[in-house]
Amino acid sequence: PQRPGAPAWAPSSAADMLHHMRQQQAARESATGGRAAEARRPAGGGYEPPDYYGALGVGSSADEPEVKRSYRKLVLQWHPDKHPKDRSQADEKIRQINNAYETLSNPLKRSAYDQMLAAMERRRTGVKLDVSFIKPRVSIPKEFMLCPLGHPDKFVRVVGDDRLCVQARDEVPGTPFRDFFAAARFSLWWLPEVNNMCRLRVQASAASGVEGGSHLAFGQSGDFADKREAAVAVSSTQDVKQNNVIAQASPFSAGAYRFEGAFWPGRLLTFRPPADLLMAKAGDDGGDDIVDFLLVDFSAAYKYMTMSEVLAEAVEKQNVVNTSGGYVKLGDLRADLNIRLYFQQNLGSAVWNNKDFETFFEGHYEQWDFDQKRARVRLRPKEEQQQQLTQPKSQGDSTPRSAQEGASADLLIVAETQAEVIRASLAASPEDLGGLSLPVLVRALERLAETPYLLGPLSVDVRQLAAARSKLLATLPERCDAALTASTRDLGAAVLPFPALASLHKAAAAIRDGEEANGEVVTDCKHAISKLAMVAGKRVAGNPSGVDWERLSDLLAMPLDWEAVTEPLRGALSSHLRRKSSTEPGAFVHAIRALAAAGRAARGITEELARHEFGAFDRMEGQTVAEVLLAVAESGALLRGVAERLNPPLLHRLPLPELVEIVAILGERGYGKKVRSALQTRVAVAGPGLAAVPPHSLLRLATAATHCPVIAECALGPVAMAAASVLHLWPLEGIPELMLVAATTTSPAASSGARRLFSRAAEAVMPRLHELQPAQLLRTVVAAGAAAAHCRPLLEAASHAATAALEAFVPEQVVLLTQGSLALGGQHPAMVRLLDFWVVYFNALVENSADRADGQPDSGLPADEVAQLVRLLVLVAPGHEAVFGAAGARLRKVVGQLSSSGRSSILEAFPGGTGPAFEGKEELLRAVVEAEASSAENAASARTAEEAASAEEATATAEAEAEAAAAAEAEAAASAAA
């Protein structure tokens with residue numbers, strides 16, 4: 001049945017729906033004369049970008065020396081000390097001069113600024129570029145920042161959980177460079193239905209579990225049709241009408257793009273100064289609204305560091321080792337490696353001389369204290385730059401500085417960047433760190449938990465990072481012990497409140513799981529996490545009703561003593577849910593996900609939360625329902641209940657990517673028969689929509705087909721066909737995995753899709769074989785070998801690459817490599833290399849066995865695997881006498897280790913003594929036959945002994961039964977006589 005409010009039409013694909021809606025929109029606007037129901041936006045006077053050339057009094061063709069001379073002159077002219085009566089005007093003038101010089105002295109920024117000016121001029125005059133040759137899918141960076149045209153210092157940023165705004169760095173003072181640009185990091189989630197259709201994705205959410213992460217969403221499906229504009233926010237909704245956009249090259253600026261609502265023609269992503277981001281009906285009329293966005297490659301974000309930031313980094317680094325009251329000599333500053341790299345890579349020039357630095361510091365007097373006589377400079381302390389030094393940057397942290405905190409610990413209070421926290425932590429004593437206020441400790445550990453920059457001006461030394469992490473982590477056990485021994489009344493909540501407890505656990509877990517963490521730091525993390533979990537567990541067991549239910553997922557993510565806390569927590573949770581039956585639908589998804597790691601030990605809590613969410617499905621959006629079902633399935637709880645809910649009408653509300661994941665999990669866990677309806681009515685008929693499912697989800701469903709016949713029958717073919725259409729977008733390592741599944745899972749329904757997959761795999765993989773690691777290359781050979789009839793060119797190329805680097809494989813892997821390459825035949829160069837490898841390998845084993853002392857273990861290839869290999873080689877290389885001679889010599893040494901299966905392989909390879917001839921063949925076959933006969937004799941003897949034992953046991957049983965019967969008769973007779 002159709003849901004209330006659903007459209008009466010049901011197009012067969014997203015492309016059909018897009019075409020239909022565009023026709024509807026065009027007809028609606030035609031009927032209203034092109035006027036939207038709402039009033040048009042107010043006409044803007046036309047935004048003018050900042051005139052940096054005018055601010056410095058130079059022309060657009062001025063070279064670097066001219067720009068520098070003008071800057072020096074204007075700094076001296078407008079220094080506030082020379083304008084005591086109108087200092088505010090001088091301050092503003094200096095700010096404008098500094099901003100202009102920051103851009104024009106940097107070739108990268110100046111080039112972007114000049115390009116922007118040219119684009120704005122084209123926009124004013126209506127002159128457009130030819131963009132017919134630009135392909136957005138190819139041209140747009142993988143990760144980028146959105147910079148509205150004409151506003152070179154502004155970027156679209158995510159603020160809070162879902163709010164978007166367009167900000168310049170000076171509009172959010174105190175925000176560190178890294179944090180500012182981390183919130184401005186986006187990517188595109190390309191969709192296959194229509195060319196250049198995509199979703200603007202918040203990159204930080206790319207691995208969050210929803211399709212493509214969180215996206216920019218606009219309007220509401222039902223009320224945007226007659227409106228001219230709608231707000232844009234971050235959302236994980238899967239409504240294509242709110243998410244999907246069409247990427248278009250800007251007609252005014254190279255490297256800039258527009259994003260039009262895929263289902264709302266004429267509605268473009270729009271920046272409306274000063275900070276709003278909308279989806280609006282806008283044109284090229286020169287108004288204030290900006291619809292063109294420069295997509296700046298995120299990997300170049302460090303180039304947006306200001307000169308002051310680079311210098312501050314170097315000065316603070318010098319301050320760790322010098323004792324000059326914070327002053328750093330200009331000579332030391334000019335010799336700093338990061339400064340030299342900044343000038344070389346960003347400015348394309350030599351490091352400034354002392355006079356240039358003097359001018360710069362005079363222009364930035366509010367930040368720098370320059371000592372001209374001694375040619376040294378000092379970064380002014382925070383209290384000189386801002387009035388409230390003691391107010392920490394984190395929200396809610398208003399803890400005053402403690403008198404016990406030393407000078408080094410003071411640095412942690414004001415530290416912003418990871419590098420600052422590292423230096424302050426290393427300089428502080430353990431006593432200083434132990435006396436830090438809790439908010440400062442939390443903020444410092446969170447900063448150290450961030451993934452470090454390893455290159456560029458923000459780079460940190462990994463060894464120093466590890467040392468700083470260990471020092472701060474070492475303070476946690478003592479704090480936990482204090483909480484554990486605190487008053488039983490508050491169970492240590494005053495010493496270590498739960499919000500801080502949860503934040504410390506998150507930071508320690510992030511450090512533990514980071515790629516750069518070494519063994520010692522991981523040990524420190526585990527110890528700290530264990531202590532934190534003990535505090536949390538004691539608190540839950542002692543007062544389960546006092547749990548902060550708003551942060552339940554943070555609590556459940558800890559490695560608690562589940563035997564002690566499960567029942568108390570389950571009881572308190574049940575009471576809480578009865579009291580608050582109207583909780584927000586999907587509120588416990590994150591908690592259920594967190595419980596997945598606990599497994600069966602916390603199953604009672606998982607089931608309690610799952611049943612509560614199941615009861616609210618009628619009030620949930622389809623996306624939320626899917627997230628609940630997926631979280632429950634991943635936890636392993638109530639799998640039957642999950643499977644039973646994959647039926648209409650709920651089934652049709654679930655987004656396809658999550659449905660694919662849910663079905664794959666159920667197939668993996670033995671519930672495949674219960675998902676046939678979902679597979680037949682949603683997955684098998686999804687068509688092009690299946691290609692938009694993330695590759696890892698499709699691969700998981702395909703892999704589930706290897707042990708679930710229902711999935712193999714209903715879904716493997718469509719999955720292979722869908723993957724083939726977008727195989728060029730798949731991660732390289734996933735393609736061989738999918739090929740192997742398709743080649744080894746027998747299903748008539750999958751044959752056409754598998755053939756299509758194999759033909760496209762060669763195109764996608766062959767040009768990139770050099771990128772594969774040895775293990776991935778091995779999988780490629782095995783997969784291509786299993787489907788050699790359809791992708792022989794790929795098999796030849798992969799086998800050639802693998803056999804050219806056989807030293808990278810262990811013998812067990814070379815066995816698989818040989819099996820995968822058999823289809824090439826024994827005369828193929830790759831196969832010849834493999835045969836030569838085995839000759840050398842087996843001969844070496846035979847020689848080593850002669851020198852091996854008695855009792856020393858044999859580390860060579862197991863005897864049964866050698867026998868199986870010989871059986872295969874006989875089929876493709878019967879004339880290669882050397883390999884059979886070497887293998888035979890090895891087998892004669894280990895014939896006693898052959899199992900029945902291994903002996904059968906030898907006898908099948910040389911039936912009746914036929915097959916390739918080699919030295920010692922008769923001896924080997926005789927030994928195998930004797931071993932087989934001996935094994936048969938032993939088996940017969942064992943059966944005879946077993947039968948005799950059984951007969952003896954039966955006789956003993958019969959005698960015992962007879963004795964029991966006689967005793968019973970005697971007892972009965974005695975009873976009758978009595």
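**Notebook: helices, contacts and buried residues**

I began with a helix pair in this predicted model. The axes of helix α26 (residues 622-635) and helix α28 (residues 656-668) approach to within 9 Å, and their crossing angle is roughly 25 degrees. Angles under 35 degrees count as roughly parallel, so I noted α26 as roughly parallel to α28. The crossing of α26 past α28 is left-handed.

I then listed the residues that meet. From α26 I wrote down Gln623, Ala626, Leu629, Leu630, Ala633 and Glu634; from α28, Glu658, Glu661, Ile662 and Ile665. Sorted by class, the contact of α26 with α28 holds six nonpolar residues, one polar and three charged.

**Second pair**

Next I looked up helix α15 (residues 418-427) and helix α18 (residues 462-473). Their axes come within 9 Å and cross at roughly 60 degrees.

On the α15 side the contact is made by Gln418, Ile422, Ser425 and Leu426, and on the α18 side by Gln464, Leu465, Ala467, Ala468, Lys471 and Leu472. I sorted the residues of the contact of α15 with α18 into six nonpolar, three polar and one charged.

**Helix α42**

I checked the length of helix α42 (residues 921-977). With 57 residues at 1.5 Å a residue, α42 should span 84 Å, and I found its end C-alpha atoms 83 Å apart, which agrees.

Which residues of α42 are buried? I noted Lys921, Leu924, Leu925 and Val928 as buried in α42. What do the buried residues of α42 pack against? I found that they pack against α40 (881-893) and α41 (900-909).

**Single residues**

I looked up arginine 72 and found it in helix α3 (residues 64-78). Is arginine 72 buried or exposed? Its relative accessible area is 18%. Setting aside neighbours within four places in sequence, I listed Lys355, Asp356 and Thr359 as the contacts of arginine 72.

I turned to serine 214, which lies in the loop between β5 (197-202) and β6 (215-218). Serine 214 has a relative accessibility of 18% and so counts as buried. With neighbours within four places in sequence left out, I found serine 214 in contact with Leu200, Arg201, Val202, Ser205, Val234, Ser235 and Ser236.

I looked up proline 811 as well, and placed it in helix α37 (residues 811-821). Which residues does proline 811 touch, not counting residues up to four places away in sequence? I wrote down Trp838, Tyr841 and Leu861. For tyrosine 841 I also took the C-alpha separation from proline 811: 8.6 Å, with the two residues 30 residues apart along the chain.

**Whole chain**

Last, I took the totals. The secondary structure of the chain comes to 42 helices and 15 strands. Of the 978 residues in the chain, 49% are buried. I also looked at contacts between residues at least 6 apart in sequence, and 67% of these join residues at least 24 apart.

Key:
Residues are numbered from 1 along each chain as its sequence is written. This is a predicted model: local features need pLDDT of at least 70, side-chain atom pairs count only at pLDDT 80 or more; totals for chains, interfaces and linings use all residues. Side-chain values use heavy atoms; hydrogens and water are left out. Axes are lines fitted to C-alpha atoms, for helices over the stretch in contact, and angles run from 0 to 180 degrees between N-to-C directions. Helices (H or I, at least four residues) and strands (E, at least two) are DSSP runs, numbered from the N terminus. Contact means heavy atoms within 4.5 Å. Ala, Val, Leu, Ile, Met, Phe, Trp, Tyr, Cys and Pro count as nonpolar, Asp, Glu, Lys and Arg as charged, and the others, Gly among them, as polar. The expected span of a helix is 1.5 Å times one less than its number of residues. Buried means under 20% relative accessible area, exposed over 50%, partly exposed in between (1.4 Å probe, protein chains only). Angles under 35 degrees count as roughly parallel, over 145 as roughly antiparallel, 65 to 115 as roughly perpendicular and the rest as oblique. A crossing is left-handed if the near helix is turned anticlockwise from the far one by less than a right angle, and right-handed if clockwise.
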